[in-house]
Number of protein chains: 2
Amino acid sequence: MTSSAPTARTRVIREPQRAVYDRDLINAILDEGFVCHIGFVVDGQPYAIPTSYGRVGDNLYVHGSAASRMLKQLGATVPICVTVTLVDGLAIARSVFNHSMNYRSVVILGAAVLIDQPDEKLVALRSLSERLVPGRWEQSRPPNDQELKATSILRVPLTECSAKVRTGPPEDNPEDLALDVWAGVIPLNLVPGGPIPDPQLRPGIAVPDNVTNWRPKR
Amino acid sequence: MTSSAPTARTRVIREPQRAVYDRDLINAILDEGFVCHIGFVVDGQPYAIPTSYGRVGDNLYVHGSAASRMLKQLGATVPICVTVTLVDGLAIARSVFNHSMNYRSVVILGAAVLIDQPDEKLVALRSLSERLVPGRWEQSRPPNDQELKATSILRVPLTECSAKVRTGPPEDNPEDLALDVWAGVIPLNLVPGGPIPDPQLRPGIAVPDNVTNWRPKR
């Protein structure tokens, strides 16, 4: 699957030139980020809560936290929105009005299901773990039955989704180009600092390469 | 105002030890970030959409985009959620289950108002501009009447808000501390690259210091 035709709800209306429905690009954004915001409604009040996620093929697995309480109460699938936003830079224009951000974002609308089969929970937890630090699943102690039970994970299919991308320089009005004002882009990068060992780390355990060399997957 | 007593809706239930209701800390998080996710509901479908914002005292101004279309249709205040999330690091545990993220987030619940007075729009746009690049308001061409009209900005009072903060090393189970597995934190920083001039920049315009020296305000 390489494309997701937009529905009336995922079709990007504001600045549609920034919209992308290509599934490869959507996957690439999802596979670079590691924090999503999950939108859901309780008693008419919308919430947007940050949490972690992982992708397995055409499904996104989202760490449940707040949303899972709601799902457990309602006991059914509920409409949610999952959004992943990567900020790439600040577009500094000559006019206040044309300042902007360079970013890549994916918005997924769908019915979330609280998964309950241990096998699928393992698959989901593996995807979350590998999204955070690739290779970590094989390095760390696997979840036991009690931990699997304590973990709430939502599954959302990647059927109704779209991406929005802005790149490049600011777009000033033609009449502003003559102004004596600097314009351009400040690129922004997520950069890891050196790994900080746990104070309780046993002596003689080296930092694994996938931690030392961790970089956002771009 | 230095504290926001939690309501039933903003009281942090999951991992309450991470909850903070101190308004100074809430302000500090809001004044460091520059992207929020705004949660709102249309026809029962929740949305979580990234956008920019600025703070002026006890109000948050949020760039309208998608949510403003909804507000214009409804023609009244509507319940929204505005969330700002700063990711500070990855907490790498010995067990898959105890992997976590270090982060600071603020969740604001409230009734959004679409502002329409030009004076308040100027105040709001100034706060958005200064949030992005401090000092930029004085450097760039101010909004004209047409641009003010074209700008949709929501005002949300900071009355019902809470912060959630995780810092420090991973928290493994005591029986896992003896494992032959590295544990610790990968700190994450948002780092600017060198400014990229607009290809249409007139010759002889120097990069201003506030662009050269841009850093997240921490």
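Colleague: In strand 11 of chain B, which residue is the bridge partner of V185(A)?

Modeller: This is a predicted model. Strand 9 (residues 184-192) of chain A runs antiparallel to strand 11 (residues 196-197) of chain B, and two bridges join them. The bridge partner of V185(A) there is I196(B).

Colleague: How many residues does chain A bring to the contact with chain B?

Modeller: Both chains take part. Chain B gives 79 residues. The number from chain A is 80.

Colleague: Which strand gives the most to the side of chain B that touches chain A?

Modeller: That side of chain B has 53 nonpolar, 18 polar and eight charged residues. One strand gives nine residues, the most from chain B. It is strand 10 (residues 184-192).

Colleague: Is V56(A) buried, partly exposed or exposed?

Modeller: First, its place: V56(A) lies in strand 3 (residues 45-56) of chain A. A buried residue needs 20 or more other C-beta atoms within 10 Å, and an exposed one has 12 or fewer. V56(A) has 14, so the residue is partly exposed.

Colleague: Which residues does V56(A) touch, not counting those up to four places away in sequence?

Modeller: N210(A) is 154 residues away in sequence, and its C-alpha lies 21 Å from that of V56(A). A contact needs C-beta atoms within 7 Å. The residues that V56(A) touches are Y61(A), V123(A) and S127(A).

Colleague: What share of the residues of chain A count as buried?

Modeller: Chain A has six helices and ten strands. Its length is 218 residues. The buried share is 43%.

Terms used: Residues are numbered from 1 along each chain as its sequence is written. Chains are lettered from A and ligands numbered from 1 in the order in which they are written. This is a predicted model: local features need pLDDT of at least 70, side-chain atom pairs count only at pLDDT 80 or more; totals for chains, interfaces and linings use all residues. Helices (H or I, at least four residues) and strands (E, at least two) are DSSP runs, numbered from the N terminus. Two residues are in contact if their C-beta atoms, placed from the backbone, lie within 7 Å. Ala, Val, Leu, Ile, Met, Phe, Trp, Tyr, Cys and Pro count as nonpolar, Asp, Glu, Lys and Arg as charged, and the others, Gly among them, as polar. Two strands pair if DSSP finds at least two bridges between them.
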